[in-house]
Amino acid sequence: MPAYEDLTGPERQVWDAFRTGAAVDLRSGSAAQDDPARGAEWGAERTVRAEVVAAVLLQADGQAGAATALRLTGARITGQLNLGGARSESELRLEACHFEQHVVLRGASLRSTGMVGCRIPGLDGWLLKVDGNLFFEDSVFQGRLTLTRAQISGELRLSGAQLTATELLGPDAVTPPGLPAPGSGDAPGPWALWAGGLRMEGGCFARKGFHSRGGLRLVGARFEGGLFLEQARIDNPGGDALTGDDLTASALMLSEGFTATGSIRLPGATVRSRFSLDTAVLDGGAVALDGGRLNAGDLRLTFAATPVGAVDLQDAQVAVLQDGEHSWPADTRLGGFAYSSIHLPPGGPGPVARRLHWLARLPGYAPQPYEQLAAWYRKIGHDDDARRVLLEKHRRRRRTLGPAGRLWGRLLDVTVGYGYRPWQAALWLAALALLGTVVFAHGTPHEVQPGQNAPFRPLVYTLDLLVPIGGFGQRTGWYWTGLHQWFGYGLIAAGWVLTTAVLAGVSRSLNRS
């Protein structure tokens with residue numbers, strides 16, 4: 001630490017103000033000149049050495065009755081601000097400052113810290129502990145922001161911040177010592193925010209104006225106060241916009257125009273209340289949303305437009321599902337997806353045909369999505385819709401069978417609707433009975449034992465042929481020859497087929513397995 005007499009004028013202001021927590025403002029008053037992007041042009045009257053900032057923050061003496069704090073606005077901070085492993089009981093707030101080198105907070109234990117509206121060439125906050133809030137609002141990071149396994153007792157604010165991954169800064173960009181190498185990790189980078197294992201007691205807010213060039217890596221992170229990315233934008237074409245394997249959050253808001261170019265991957269994530277993608281725009285290439293094994297309370301998939309890429313919710317479990325016309329792209333994966341209820345729009349659940357169109361987009365055949373939907377329809381009292389869903393399940397399965405299986409399945413379908421439409425059998429019986437009555441009313445039958453039979457009745461004779469069990473005495477007392485005889489054989493065969501189909505269909509509907 002330089003001696004007090006070796007400090008420059010601005011540095012002495014910072015030193016003196018620290019003891020009372022007063023703010024030091026070095027801005028000129030010109031908005032153009034005070035833009036941190038032009039900080040390299042600022043002269044000595046606005047320059048403070050990083051080592052002085054660190055030394056002032058870490059001194060223990062303050063004015064009696066006053067809370068020590070370092071509050072500095074509009075400064076060019078030269079050298080590297082390195083607080084690695086340091087412990088401070090004082091607040092640090094830097095606004096509209098220009099940093100020449102990346103900031104090191106690795107392993108530090110700090111009180112509330114803010115670098116708001118600053119220009120920073122990357123920050124290493126590995127294992128950082130903050131007792132209070134950590135604010136980076138409206139700041140520009142020209143290099144990766146690392147908060148791996150950091151612990152923050154308050155809020156993390158990134159609204160309006162601009163993040164750019166180190167790899168995207170050009171071939172001359174160098175990863176600061178100790179940070180993960182560009183592109184490393186178990187999913188495709190580059191990464192603008194590397195925060196695996198982050199622990200947040202408060203919420204993380206990266207709302208309107210937040211723009212990341214490069215992905216957000218949040219594997220195993222915990223957001224007890226929720227993660228809020230409303231109106232944010234993440235661009236990582238060909239890679240992952242957000243990776244959050246096993247992430248835990250009280251709420252996850254990727255909504256209100258949230259835009260992601262790159263995949264959203266949240267396998268095994270837990271969102272205790274609402275996970276919202278309302279009016280979000282997803283362009284993930286091959287996979288837009290990977291929510292395999294996701295566990296959420298209220299899942300809202302009301303996108304602004306149909307996602308580009310697959311929506312994968314295999315083995316996910318949610319309490320309430322809310323979807324819309326753009327929710328399900330052509331590649332939708334719902335095997336094992338379970339929900340307790342579907343949000344009902346005004347006027348009821350809507351036509352079952354829309355839900356069947358949803359399931360029709362699934363690749364291959366799996367019975368669970370159909371049975372899950374049918375169970376929900378039964379739960380809300382729409383038994384007819386439930387039966388229609390289960391009927392479509394059998395029709396979908398039929399496509400996977402061999403020729404004989406498809407033929408038998410089609411027969412079950414047209415006769416009794418796989419047991420879910422037994423009234424179709426009555427229609428077939430009525431139609432065949434009418435046809436037989438008309439045919440047998442024209443012509444003269446022969447008596448088996450002349451003079452010993454009841455009078456011939458075309459309708460009763462037809463029913464006697466159609467019903468394979470029991471009889472009305474007409475079939476045993478009368479017979480035909482020629483074409484009428486062959487027509488009668490056809491009715492007998494149709495009766496057996498119809499009866500077999502009815503029994504098989506009813507048995508199938510009673511045995512759900």
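The text below covers the cysteines, then helix 1, then a pair of helices.

The model is predicted, with pLDDT of at least 70 needed for local features and 80 or more for side-chain atom pairs, while totals for chains, interfaces and linings use all residues. Residues are numbered from 1 along each chain as its sequence is written, and side-chain values use heavy atoms, without hydrogens or water.

**Cysteines.** With a disulfide taken as a pair of cysteine sulfur atoms within 2.5 Å, the count is zero.

**Helix 1.** Helices (H or I, at least four residues) and strands (E, at least two) are DSSP runs numbered from the N terminus. In helix 1 (residues 9-18), Pro-10, Glu-11, Val-14, Ala-17 and Phe-18 are buried. These residues line one face of the helix, because they fall within an arc of 135° seen down its axis (directions from the axis to the C-beta atoms). Their cover includes strand 1 (23-25), strand 2 (47-49), helix 2 (50-58) and strand 3 (69-73).

**Helices 3 and 5.** The axes of helix 3 (residues 352-360) and helix 5 (residues 383-398) come within 11 Å and cross at roughly 25° (lines fitted to C-alpha atoms over the stretch in contact, angles from 0 to 180 degrees between N-to-C directions). Helix 3 and helix 5 are therefore roughly parallel (under 35 degrees). Contact (heavy atoms within 4.5 Å) involves, among others, Leu-356 and Leu-359 of helix 3 and Arg-388 and Val-389 of helix 5.

Methods. Buried < 20%, exposed > 50% of the residue type's maximum accessible area, 1.4 Å probe, protein only. Parallel < 35°, antiparallel > 145°, perpendicular 65-115°, else oblique.
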